[in-house]
Amino acid sequence: MKMSKLFVQTLREFPSDAEVMSHKLLVRAGYIRRLASGVYNYLPLMWRTLKKIENITREEMDAAGAQELLMPFVQPEELWQESGRWDVYGKELMRLKDRQGRGMCLGPTHEEVITYIAREGIKSYKQLPVNLYQIQSKFRDEVRPRFGLLRGREFIMKDAYSFDIDEAGLDKEYENMAKTYTRIFERCGLETKMVQSDSGAIGGSVSHEFMVVCDNENNAGENDVFYCEKCDYSANSNHAVSILPKAPTDGGFTKAQVVDTPNCKSIEELAEFLKVEPSVIVKTLVYVADKKYVMALIRGDKNVEEIKLQNAVGANEIRIASSAEIKEIMLNNNKTAEAGYISPIGIEDITIVADNSVCELKNFVIGCNETEKHLIGANWGNEISLPEKITDIRLVQEGEICTQCHSPLKVTRGIEVGNIFKLGTKYSKAMNAVYMAEDGQEKPFIMGCYGIGISRTAAAAVERHHDEFGIKLPLAIAPYHAIVIPVNCKDELQMKTAEEIYNKLLNAGVEVVLDERDERPGVKFKDADLIGFPYRITAGKTLAEGLVEFKNRSNGEVMTIKPQDAIDKIISAVNALK
Ligand code: ATP
Ligand code: MG
């Protein structure tokens, strides 16, 4: 490819709407162009990288025994009615009607369609197990599309679905996929952590996410990952558990009574005013879960993990209640307390969930639904009864104790590039997808599903591999392997040598660009660094001694060597990829 012909427009400045480095760099280096919120054109450089990630994924999935197919991007409402997800998926599901008025949606994921395919096509246990996958654009009308390709509305995903006759088969395939995922990301030059996670809208019981650790200042890593350095424990914050370090649990009050607590809206103010530790205060928070109010009780020094609470009440959506909504609850119960002074005492017809951490408290402090007053010295079963629902709704904090090996947990931020789920019979039962088992009985398929965000992986790779000059994608997924730059195109020797090197590389199967533009060398070098060619050969003044400059973009190493040596280095690096 000649640089003058390459369809790329690099920009001088970063785009003003971009917050994270991958978004800034991919736009500036001419890889992507925004079409609408969360919808991007993948320009030729981006498309080459995406195809490489797709191909690595394809090779590894095929090697793992999975078979590729392609399902429609548009799906009929009926299937989603069958699975029961039409009503619960939420606004991320882009719904439309065809000219006959039939409901359709843009595929955000394909459990329904694949279950339909299995139901129609797999009749007997003899056809099992099977794992089917596709690589395709998905659409999710995300609340907050942001960070370029990291959280788009349209994005490319590899999604695979396995069908087994029993749990043991599923467990084996799940393991197989976990290993395959690790290999795929390794081949893309990305180190990942496999972490336990919540199953979210996809459903099922067990799931793990593959996280690219991304703990830099711009917060491209949207997930908190808790992990233990001593053992292998790691989990997304929405699923992480811990043992609490010792903290006071007895408030020490000898009598239960309501006391004045002026200006004590926050736990800190209240603890300071009453001279107690925050850990002996019960904090009450109000949420709206699927339009219903929920009160969550948690120890004063801890916070609620919203996904855990959402799961505890079996809701699809959750958010914290506004002060107007709290007022409404109070009014309905003939009370007037503001947030900070509320509790379940005397409140009727509301779901109450207590975190495990509050159960062991004695003589504690809690709101009493009167502004500027709290109840001190309260005990479960006396002034307030323990709610029926007691479970883990606590957000883990760094330094709390690993449940596996009792070491302190650490936290980092991660980008979720892949996710594997044990679905079990969630979809096969709902959609009556059964096969004839060996004993002649009809049984539902035992399913698993396995996703990789192809476009998000590309962006995550840029988050991990860049510097102040531009993109440094690993050789395996960079759009091109190398660039050859004649410093001065009017210099015959430089131009001739550059062309020779270029042709030799091309003939050896190296993906190479020749920058034959009549531009200043500075401009050419800047573009090469910005786009991120893993290797650069420069034909300049050193040709007088028969040498060229060879630069490795990933480690910045520069050598002055013979043209053939530079060529050989690139060829052997490219061959090592295969
Ligand atoms: P997230 O929690 O980040 O919204 P998810 O858990 O809903 O993602 P999955 O249903 O697990 O996503 O989809 C499989 C993979 O698809 C994810 O691991 C991720 O890599 C990718 N993916 C999901 N949503 C997006 C998106 N909006 N933009 C780009 N990639 C995405
Ligand atoms: Mg996920």
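Colleague: How far apart do the C-alpha centres of domain 2 and domain 3 lie?

Modeller: Domain bounds come from an automatic or database domain assignment. Here the C-alpha centres of domain 2 and domain 3 are 66 Å apart. The protein chain is divided into domain 1 (21–228 + 411–464), domain 2 (257–391) and domain 3 (480–575). Its C-alpha atoms fill a box of roughly 95 × 65 × 50 Å along the principal axes. This is a predicted model, in which local features need pLDDT of at least 70 and side-chain atom pairs count only at pLDDT 80 or more, while totals for chains, interfaces and linings use all residues. Residues are numbered from 1 along each chain as its sequence is written, chains are lettered from A and ligands numbered from 1 in the order in which they are written, and side-chain values use heavy atoms, with hydrogens and water left out.

Colleague: What percentage of the residues of the protein chain count as buried?

Modeller: Buried means under 20% relative accessible area, exposed over 50%, and partly exposed in between, with a 1.4 Å probe and protein chains only. Of the 578 residues, 53% count as buried. Contact means heavy atoms within 4.5 Å. Among contacts between residues at least 6 apart in sequence, 69% join residues at least 24 apart.

Colleague: Where does the largest nonpolar core lie, and which residues have the most contacts inside it?

Modeller: A nonpolar core is a set of buried Ala, Val, Leu, Ile, Met, Phe, Trp, Tyr and Cys residues joined through side-chain atoms within 4.5 Å. The largest one has 66 residues, and Leu26, Tyr31, Ile32 and Met46 have the most contacts inside it. Helix α5 (residues 167–187) gives the most to this core, with seven residues. Because domain 1 and domain 3 both give residues to this core, it lies between them. Beyond its neighbours within four places in sequence, Leu26 is in contact with Tyr31, Ile32, Met46, Leu149, Ala459, Val462 and Ile471. Another core, of 37 residues, lies apart from it; among them are Phe253, Val276, Val288 and Val358.

Colleague: Which strands does β14 join through bridges?

Modeller: Helices (H or I, at least four residues) and strands (E, at least two) are DSSP runs, numbered from the N terminus. Two strands pair if DSSP finds at least two bridges between them. Strand β14 (residues 282–289) runs antiparallel to strand β15 (residues 292–299), with eight bridges joining them. Ala289 has Lys292 as its bridge partner in β15. Two residues separate the strands of this hairpin, where Asp290 takes a positive phi near 45°. Three bridges join β14 to strand β17 (residues 318–320), also in the antiparallel sense, and Val288 stands opposite Arg319 in β17. Strand β14 is mostly covered, seven of its eight residues being buried.

Colleague: What is the order of the open sheet of three strands?

Modeller: The order is β4-β6-β5, with antiparallel pairing. Its edge strands, β4 (74–76) and β5 (95–97), each pair on one side only. Three bridges link β4 with β6 (residues 103–106), and Val74 has Leu106 as its bridge partner.

Colleague: Which residues coordinate the magnesium ion (ligand 2)?

Modeller: Donors are N, O and S atoms within 2.8 Å of the metal (3.2 Å for Na, K and Ca); water is not among the atoms, so sites may look incomplete. The magnesium ion is coordinated by Glu416 (OE) and Asn419 (OD1), at 2.1 to 2.2 Å. Both Glu416 and Asn419 are buried.
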